[in-house]
Amino acid sequence: MRALIVKEFRELARDHRTLAMLVVLPVLLLVIFGYATNFSVDRVSVIVVGANAEEFVDDLDSYVVANESLEIVRVDPSLAQGDAENLLRDREADAVIVADERGGTNSLLSDRMSIYVDGSGLFAAQAAQGVFVQLAAEDAQDRVVSAKELIDRALAEAEQAQADLTTFSDELASFQVEMKQATASGGDMPKLPTPPVGLSVPDLPEITAPSLNPDELVTVLFNPDLKTSWVIVPGLIGLILLFIGALISSIGLVREREAGTLEQLAVMPLRPSVIILGKIIPYFLLALVDMAVVTILAVWLFGVPFAGSLWLFSLAAVVFLFVVLGIGVLISTVSQNTGQAIQMAILFVVPQVLLSGLIFPLDSMQPGVRWIGYILPLTWFRELSQGVMLRGAGIDSFWLPLVILGGMAVFAFGAATARMRFSPTHGGAR
């Protein structure tokens with residue numbers, strides 16, 4: 001047994017890839033995932049529109065919760081309530097405030113203020129609801145303080161008026177006595193006392209309790225009930241395609257190498273790109289079928305809406321599949337056996353579960369970790385699938401994610417082709 005143990009340690013020492021996975025990878029994953037696992041959204045991006053937008057933003061400066069939790073990214077008085085949905089559909093902000101004329105009210109969130117939140121960003125929407133409820137509470141507290149000052153002033157004026165009336169009443173009683181004495185004695189008539197000027201009952205301010213119910217204060221678009229399944233399922237479609245495509249295609253060329261048939265392909269008059277395309281096209285067609293089945297089940301079982309264009313969604317899925325399959329082939333070109341290919345495919349898939357925004361929002365991650373999410377293909381496919389299915393967004397909103405996924409596909413296939421061309425199985429040197 002001792003000899004076997006020593007033998008295994010020696011083999012591990014020679015296998016630097018496995019040794020790194022056993023020692024370095026756990027620490028690296030703990031650090032990365034530890035900074036990424038955060039459900040809370042600290043700041044909510046807001047666009048303020050409407051005729052009273054600039055005055056509204058100026059008033060926000062006096063509220064603590066607004067300065068700490070709201071990030072005003074745009075103020076546009078030329079836009080109106082009808083533009084709020086388009087702004088959220090294009091993901092220009094997490095929330096839109098429509099600030100119309102207040103009609104004389106001193107309330108920050110008056111009846112003519114409308115707040116719209118993008119429900120497809122689940123955690124940002126929940127954070128926005130909480131922020132606006134706190135803002136309404138702080139606004140109500142300020143109004144209560146102001147009302148109390150007015151009431152105290154009114155009570156002081158009332159007390160002064162009562163004192164003036166008492167003094168006038170005493171002077172009037174004295175006048176009546178002096179009047180009787182003057183009439184009896186035939187002397188000079190007394191001077192009539194002067195009544196108090198401007199005597200009136202002060203108006204007390206009307207205090208109305210604001211609504212602190214998030215459903216009444218905030219209008220949630222695209223996911224009114226903030227269902228978790230509506231937000232997660234579009235991303236799960238990409239995760240399933242990612243897992244199937246990367247894992248299956250990554251072991252394709254490796255099995256050819258293990259079976260000894262890759263050398264036969266190498267001596268044939270075929271370019272590496274042709275071999276790669278020939279290997280992935282069957283997986284690509286099967287993955288398309290899987291995509292259709294999974295999408296139909298998502299809509300049928302979970303009630304996820306499909307508000308956008310089917311053609312745009314299909315285009316995004318096709319580009320995403322090319323990325324996934326290209327990376328799978330690239331993994332197979334650097335793996336010596338099926339075990340290594342499966343390990344590397346899993347290592348490629350697992351970070352995307354936590355760093356793509358599928359579970360934890362990207363905005364809540366530390367900046368040093370967040371950039372990793374932006375180089376993962378699932379991040380951009382999740383944006384596309386959620387935008388098309390939930391918000392009904394068009395190609396003008398998603399040209400950047402499509403371009404990025406296209407660039408990733410070109411890079412993956414280019415790297416796989418170059419790696420295969422200079423591999424020993426094709427007569428070259430690495």
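Trainee: Among contacts between residues at least 6 apart in sequence, what share joins residues at least 24 apart?
Mentor: In the protein chain, 77% of them do. Keep in mind that this is a predicted model.

Trainee: How many helices and strands are there in the chain?
Mentor: It has 16 helices and 5 strands.

Trainee: And what percentage of the residues is buried?
Mentor: Buried residues account for 42% of the 430.

Trainee: What about the accessible surface?
Mentor: About 22,800 Å² for the protein chain. Carbon and sulfur atoms hold 62% of that.

Trainee: Let's go inside. Which residues touch the most other members of the largest nonpolar core?
Mentor: Ile237, Leu242, Ile276, Phe313, Phe320, Phe348 and Leu405. The core has 52 residues.

Trainee: Which elements give two or more residues to this core?
Mentor: Helices 8, 11, 12, 13, 15 and 16. Helix 12, spanning 310-333, gives the largest share, with 13 residues.

Trainee: Where is the second core, then? Which residues does it include?
Mentor: Val44, Ile97, Ala127 and Leu226 are among them. That core is separate and holds 32 residues.

Trainee: Switching to helix 8. Where does it bend?
Mentor: At Pro234, by about 25°.

Trainee: And how far does helix 8 reach from its first C-alpha to its last?
Mentor: It reaches 32 Å over 23 residues. That is close to the 33 Å expected at 1.5 Å a residue.

Definitions and conventions: Residues numbered from 1 in each chain as written. Predicted model: local features only at pLDDT ≥ 70, side-chain atom pairs only at ≥ 80, totals over all residues. Heavy atoms only, no water. Core = buried A, V, L, I, M, F, W, Y, C linked by side-chain atoms within 4.5 Å. Buried < 20%, exposed > 50% of the residue type's maximum accessible area, 1.4 Å probe, protein only. Helix = DSSP H or I, 4+ residues; strand = E, 2+ residues; numbered from the N terminus. Expected span 1.5 Å × (residues − 1). Bend = angle between axes of the 7 residues up to and from the residue. Contact = heavy atoms within 4.5 Å. Areas by Shrake-Rupley, 256 points an atom, 1.4 Å probe, with all protein chains shown as cover.
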